[in-house]
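Trainee: Can we go through this model together? I'd like to ask as I go.

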Amino acid sequence: MKLKSVYSTKSSADEVVSDISSQLKGFTAKVLIFFASSKFESSIGKKMQDEFRGVTVFGCTTAGEISSGRMIKNSVVAMALGPEIVSDVQVSILENIKGGVNAKSAFKSFENHFKIPVRQMDISNYIGMVLIDGLSGKEEDIMNQIGNLTDITFIGGSAGDDLKFKETRVYYGGKSYTNAALLALFQVKNGFDIIKTQSFKVLDKKLVVTKADEATRQVIEFDGKPAAQAYAAAVGTTVAEAPNHFMHNPVGLIIGDEPYVRSPQRLDDRRIAFYCHIPEDMEVSLLESTNIVDDTKEALAKAESIGPIAGIINFHCILRTLELEQKMQTEAYGNLFTGIPTIGFSTYGEEYIGHINQTSTMLVFR
Amino acid sequence: MTGKIKKMIDEIVEKRSKGNAALVPFVRAKLIMKGINCDKYTMTSEDDPVVIKKLEEIAKELS
């Protein structure tokens with residue numbers, strides 16, 4: 001077996017680790033990735049590493065978990081990757097990211113480990129994963145620096161804490177980190193693909209950011225008008241009612257034919273605070289939500305048509321989870337992954353080229 | 001004067017993609033994420049000094 005995904009809904013960290021270990025008995029893992037509900041104490045990172053000695057173990061906290069065939073809460077999901085999937089891996093932690101991000105140290109460690117300059121690595125044989133403290137607000141900086149330093153794809157998500165918005169953590173090597181980001185670089189054996197799927201129709205209404213505060217992710221003006229007023233007019237509603245449209249009508253940077261979603265979070269007087277920044281001068285299109293289950297089914301079918309899927313890691317926006325819950329579609333969504341070894345979690349933001357919202361970014365191992 | 005911004009964008013994309021056509025959309029996507037609306041600029045676009053300065057900085061970052 002190339003990889004194996006498991007989950008545990010046991011109530012204590014000790015029981016969970018023991019349960020996962022027994023489910024993985026006999027499997028030779030090179031890497032173990034786990035996503036844990038924030039209800040578990042931070043020592044779960046050490047317990048997992050202690051249980052799987054000699055294996056590269058890392059993960060993060062979540063706002064809900066995904067396993068093959070189901071969406072879960074208060075659980076731990078884990079994927080063991082065998083040497084038939086991953087030839088080698090190197091993990092690096094960026095600490096104190098709120099004080100400033102410098103990703104160069106991570107890339108230096110990748111070069112030292114793989115003994116090849118990052119710029120010379122074959123981008124079809126290497127794939128990066130990034131897990132970021134979801135309350136740090138540093139995702140854009142980190143993805144920007146990664147994009148400067150390499151052409152290797154980095155995919156991932158922002159760690160969650162079950163909507164408590166108090167503390168998120170990443171785990172590596174038995175340690176638990178807050179205010180940190182984890183970068184993992186895999187050398188893969190059989191290739192990989194990326195699925196980026198969001199369920200929105202691009203509407204023919206555009207807004208240009210004429211004034212923004214990138215540090216606070218606020219748009220102050222669209223088209224020279226107060227952002228709230230311009231957004232409300234584009235949606236066809238009042239400023240007071242605008243927040244009721246945020247989930248259904250976010251905006252998107254259009255790159256190629258694809259929207260890179262920017263989700264409004266709240267009104268700050270006449271400004272709009274987003275879940276990721278939008279630089280000044282950017283033109284965004286108003287989006288309208290479609291059906292997450294149907295669109296994901298189509299995205300998975302497309303990936304399956306290319307070739308067999310060994311496993312999927314799904315970084316799934318918490319806003320999508322909330323929408324699925326609202327529409328009573330969580331079971332249908334989970335069912336889409338039946339038969340495919342899958343783990344994932346509900347994130348506080350997704351990473352692919354940049355920081356995005358209301359999207360699923362999935363790493364597909366072949 | 002016009003066209004300098006388009007030329008700078010094309011140069012950055014060409015240098016960073018190193019002739020690999022598959023990389024071109026990713027480099028353009030990176031520029032867009034950095035706040036450069038690549039499709040907006042043509043050879044008739046005014047040479048806006050603010051955008052030119054921003055592109056000079058991006059060229060350094062990506063080099």
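Trainee: What covers the buried residues of helix 7 of chain A?
Mentor: Several elements of chain A. The cover includes strand 5 (70-72), helix 6 (292-306) and strand 22 (311-317). Helix 8 (330-335), strand 23 (342-347) and strand 26 (360-365) are in it too. Keep in mind that this is a predicted model.

Trainee: Which residues are buried in helix 7 of chain A?
Mentor: The helix runs over residues 318-326. Its buried residues are A:Ile318, A:Leu319, A:Arg320, A:Thr321, A:Glu323 and A:Leu324.

Trainee: What follows helix 7 of chain A?
Mentor: A:Met328 does, and its phi is positive, near 55°.

Trainee: Staying with backbone angles, what is phi of A:Asp162?
Mentor: Near 55°. That is a positive value in a residue other than glycine.

Trainee: Where is A:Asp162 placed?
Mentor: In the loop between strand 9 (154-158) and strand 10 (170-172) of chain A. A:Leu163 lies in the loop between strand 9 and strand 10 as well. A:Leu163 has a positive phi too, of about 65°, although it is not a glycine.

Trainee: Why does A:Leu163 count as partly exposed?
Mentor: Because A:Leu163 has 14 C-beta neighbours inside 10 Å. The partly exposed class sits between the exposed limit of 12 or fewer and the buried limit of 20 or more. A:Asp162 is also partly exposed, with 18 other C-beta atoms within 10 Å.

Trainee: New topic, helix packing. How do the axes of helix 1 and helix 2 of chain A cross?
Mentor: At roughly 30°, and the axes come within 10 Å. Helix 1 covers residues 13-23 and helix 2 covers residues 44-51. The two helices are therefore roughly parallel to each other. The cut-off for that label is an angle under 35 degrees. The crossing of helix 1 and helix 2 of chain A is right-handed.

Trainee: Which residues make the contact?
Mentor: Helix 1 of chain A gives A:Ala13, A:Asp14, A:Val17 and A:Ser21. Helix 2 of chain A gives A:Ile44, A:Lys47, A:Met48 and A:Glu51. By type, the residues of this contact divide into four nonpolar, one polar and three charged.

Trainee: On to chain B. How many helices and strands does its secondary structure have?
Mentor: Three helices and zero strands. The pattern along the sequence is α-α-α.

Trainee: What are the dimensions of chain B?
Mentor: The C-alpha trace spans about 30 × 20 × 15 Å along its principal axes. The radius of gyration of chain B is 11 Å. A compact globule of 63 residues would have one near 11 Å, so the value agrees. Buried residues make up 27% of the 63 residues.

Trainee: What about contacts in chain B between residues at least 6 apart in sequence?
Mentor: Of those contacts, 70% join residues at least 24 apart.

Trainee: At what angle do helix 1 and helix 2 of chain B pack?
Mentor: About 130°, with their axes 9 Å apart. Helix 1 is residues 4-17 and helix 2 is residues 24-33. That angle makes helix 1 of chain B oblique to helix 2 of chain B. Their crossing is right-handed.

Trainee: Which residues of chain B make that contact?
Mentor: From helix 1 of chain B, B:Ile9, B:Ile12, B:Val13, B:Arg16 and B:Ser17. From helix 2 of chain B, B:Val24, B:Val27, B:Arg28 and B:Leu31. They divide into six nonpolar, one polar and two charged.

Trainee: Is helix 2 of chain B mostly covered or mostly exposed?
Mentor: Mostly covered, with seven of its ten residues buried. The buried ones are B:Val27, B:Arg28, B:Ala29, B:Lys30, B:Leu31, B:Ile32 and B:Met33.

Trainee: And what covers those buried residues?
Mentor: Both chains contribute. Chain A brings helix 4, strand 17 and strand 25 (354-356), among others, while chain B brings helix 1 and helix 3 (49-62). After helix 2 of chain B comes B:Gly35, with a positive phi near 100°.

Trainee: Last one, the interface. How many residues of chain A are in contact with chain B?
Mentor: 14, and they touch twelve residues of chain B. Helix 4 (139-149) and strand 17 (251-255) of chain A each give two or more residues to that side. Helix 4 of chain A has the largest share, three residues. The chain A side divides into five nonpolar, five polar and four charged residues.

Key:
Residues numbered from 1 in each chain as written. Chains lettered and ligands numbered in written order. Predicted model: local features only at pLDDT ≥ 70, side-chain atom pairs only at ≥ 80, totals over all residues. Helix = DSSP H or I, 4+ residues; strand = E, 2+ residues; numbered from the N terminus. Rg over C-alpha atoms; globule rule 2.2 N^0.38 Å. Contact = placed C-beta atoms within 7 Å. Axes fitted to C-alpha atoms, helices over the stretch in contact; angles between N-to-C directions. Parallel < 35°, antiparallel > 145°, perpendicular 65-115°, else oblique. Left-handed = near helix turned anticlockwise from the far one by under 90°. Nonpolar A, V, L, I, M, F, W, Y, C, P; charged D, E, K, R; others polar.
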